[in-house]
Amino acid sequence: MNAMSQDTEPCTVGLIGLGVMGRNLVLNIADHGYRVAVYNRTGSVTAEFLSQHAGDTFPDGGGLRGCDSLAQFIAAITAPRVIVVLVKAGPAVDAVCEQLISAGAGPKDIVVDGGNSLWTDTIRRERDLRGKLAFFGSGVSGGEVGARYGPSLMPGGDPAAWDRLRPIWEAISAKVDGEPCTTYLGPDGAGHYVKMVHNGIEYADMQLIGEAYHLLRSVTDMTPGQLGDVFAAYNGGELESYLVEITADILRQEDPVTGRPLVDVILDRAGMKGTGTWTAVNAMELGVPATAIAEAVMARAMSADKDGRTAAANVLAGPRTQATPEKDALVDSVRDALYCSKICAYAQGFQLMRAAQTEYGWTLDFGEIARIWRGGCIIRAVFLERITEAYRRTGDLANLLLDEYFAGEIARRQDQWREVVSRAVLAGVPCPAFASALAYYDAYRSETLPASLLQAQRDYFGAHTYERVDQPRGRFFHLDWTASTRRQVEV
Ligand code: 2AM
């Protein structure tokens, strides 16, 4: 018997990669009556994990079996196998797939990549591994607690593979109103794509909350603890969400070392792992104005230049001090601005997925996507129910902003939103995501934009041509700007 094994009974599932997410997902799977074979590149991690859980009991015959080689791992799982891989996104996924093939995994074995892989890598892997492994991609969201007790799972790939994965994924996912927070999203990279957009929206959500905090902190005398109470109150209304809830908790937290508010001792340099950037880059590639998401990525980049900002703070002038606003009214207005901006950020994320399904040949169900984000994941919120309802009302909704509920919510709150953005601008407090969301809203509701002037400029210096408002689309004209008599020609 293998020194690592708890026992040698055959397993129904295998999992590779015992990082934080992997360890928690294994326990979650075992909790649902599955015997899980586990393997980690560094064997000591597997041994430590098994010793930590040696005394655990799992219901319905669930259990763990440690393996110290991939050959042993393959032998431990009943074929056709379901193998979940949770290793670092990138080349590690390719390496593990090749090693699995060498160790005896076959074309009927489903290999589920649960990492934050770039969806184009998932498309490539599924194509290149066909006939060798049934490669399948699934987004997993929810952090370590989600992975342990119920994540939101975003699967995409071969429908036949999904049929076999489905009972496991439905069992271990979060449940909202008894419904599992997972649904088949589409072929090849659709699952990882939707997970990427989820993360892009998460970036925007977090940035918007940060801006709300920053403005209130900057123009009122409220302490972080008092602002924690403000966010707790926000969480009692339409903003109710995991991120607002943890914000309230964070703002009330003291630093155990100094006793100061923890938020004041944490260095204001944001980290990122790439999914927000991928979302913004993809939005640019597809020509979708996902401005709040892009601003959130840029804001993290700006924050990272702490030294540059510290130097500039002594050089660059800001506005003269503004009068302190009426606190309670501002707290209410910021809530409204946050809600309106959030609606725009989500509208942008869904617009992006709408463009992506055309570009990549998927059929995404946006109501279902909002539904599976209601539980388990980081952006979980009551608000997502409104999105599901909007898409159930109008399946081919062109933009969430056009839904009657969202249009009405913004109409009711827009004066406060504008006031908040104005106040931030006047006070010199940066609010890039609030402001860009508002600009998005104003641009989207503008029948006329200055792109007519821009097209004229392009035609002027580069003969790039223009269409005319009085001619059918698709007819292009050029004005001979250099001629003494400027004439228009159709090209
Ligand atoms: P490790 O413990 O051997 O480093 C998260 O980093 C998980 O991904 C860890 O379980 C880590 O294994 C695993 N991982 C990272 N790179 C890997 C690779 N090239 N092959 C296998 N596992 C890898």
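Modeller: What follows is a tour of helix packing. This is a predicted model, in which local features need pLDDT of at least 70, side-chain atom pairs count only at pLDDT 80 or more, and totals for chains, interfaces and linings use all residues. Residues are numbered from 1 along each chain as its sequence is written, and side-chain values use heavy atoms, without hydrogens or water.

Let's start with helix α18 (residues 404–427) and helix α19 (residues 432–444), whose axes lie 11 Å apart at an angle of about 135° (helices are DSSP runs of H or I, at least four residues, numbered from the N terminus; axes are lines fitted to C-alpha atoms over the stretch in contact, with angles from 0 to 180 degrees between N-to-C directions).

From α18, the contact (heavy atoms within 4.5 Å) takes in Ile410, Gln414, Trp417, Arg418, Val420 and Val421, and from α19 Phe434, Ala435, Ala437, Leu438, Tyr441 and Asp442. Sorted by class, that contact has nine nonpolar, one polar and two charged residues.

Now turn to α12 (residues 275–286) and α13 (residues 291–304), whose axes come within 9 Å and cross at roughly 135°. That angle makes α12 oblique to α13. Here Gly276, Thr277, Thr279 and Ala280 of α12 meet Ile293, Ala294 and Val297 of α13. This crossing, too, is left-handed.

Terms used. Helix = DSSP H or I, 4+ residues; strand = E, 2+ residues; numbered from the N terminus. Parallel < 35°, antiparallel > 145°, perpendicular 65-115°, else oblique. Left-handed = near helix turned anticlockwise from the far one by under 90°. Nonpolar A, V, L, I, M, F, W, Y, C, P; charged D, E, K, R; others polar.
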